[in-house]
Amino acid sequence: MEWQQKTNWYMESDCGYRISKTTSKCPGQYTAWAPGSKTETPAIAYKPTLEQAQQACEEHLNNQRSNAK
């Protein structure tokens with residue numbers, strides 16, 4: 001999965017996954033979002049590092065592919 005920085009607070013993958021920096025109210029520093037999700041939609045994960053948030057997106061994508069078979 002390739003990632004592109006969109007703003008200082010947000011990046012998006014070529015598969016439509018997004019990662020945003022969180023506010024102090026959230027449990028992790030980075031929030032991972034599934035493609036097409038809105039802020040009202042539960043996030044995939046809250047992670048302390050960008051790398052962990054990216055990994056959560058990768059795992060979610062792999063699970064989606066496995067479930068589609």
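## Ground rules

The model is predicted, with local features needing pLDDT of at least 70 and side-chain atom pairs counting only at pLDDT 80 or more, while totals for chains, interfaces and linings use all residues. Residues are numbered from 1 along each chain as its sequence is written, and side-chain values use heavy atoms, with hydrogens and water left out.

## Overall fold

Five strands and one helix make up the secondary structure of the chain, in the order β-β-β-β-β-α along the sequence. Here helices (H or I, at least four residues) and strands (E, at least two) are DSSP runs, numbered from the N terminus.

For 69 residues, a compact globule would have a radius of gyration near 11 Å, and the chain's 12 Å agrees with that. This radius is taken over C-alpha atoms, and the globule rule is 2.2 Å times the number of residues to the power 0.38. Along the principal axes, the C-alpha atoms fill a box of roughly 40 × 20 × 20 Å.

## The largest pocket

The lining of the largest pocket has 13 residues, with R18, S20, T31, W33 and T39 nearest its centre. Both β3 (18-21) and β4 (30-33) supply at least two lining residues each, and β3 gives the largest share, three residues. (A pocket is an open set of points on a 1 Å grid over the protein atoms alone where a 1.4 Å probe fits, with protein on both sides within 12 Å along at least five of seven lines; lining residues have an atom within 4 Å of a point.)

W3 belongs to strand β1 (residues 3-7). Beyond its neighbours within four places in sequence, W3 has contacts (heavy atoms within 4.5 Å) with M11, E12, S13, Y17, R18, I19, Q54 and C57.

Over at W9, the charged end of K21 sits over the ring, 5.8 Å from its centre. That label requires NZ of Lys or CZ of Arg within 6 Å of the ring centre and within 35 degrees of the ring normal.
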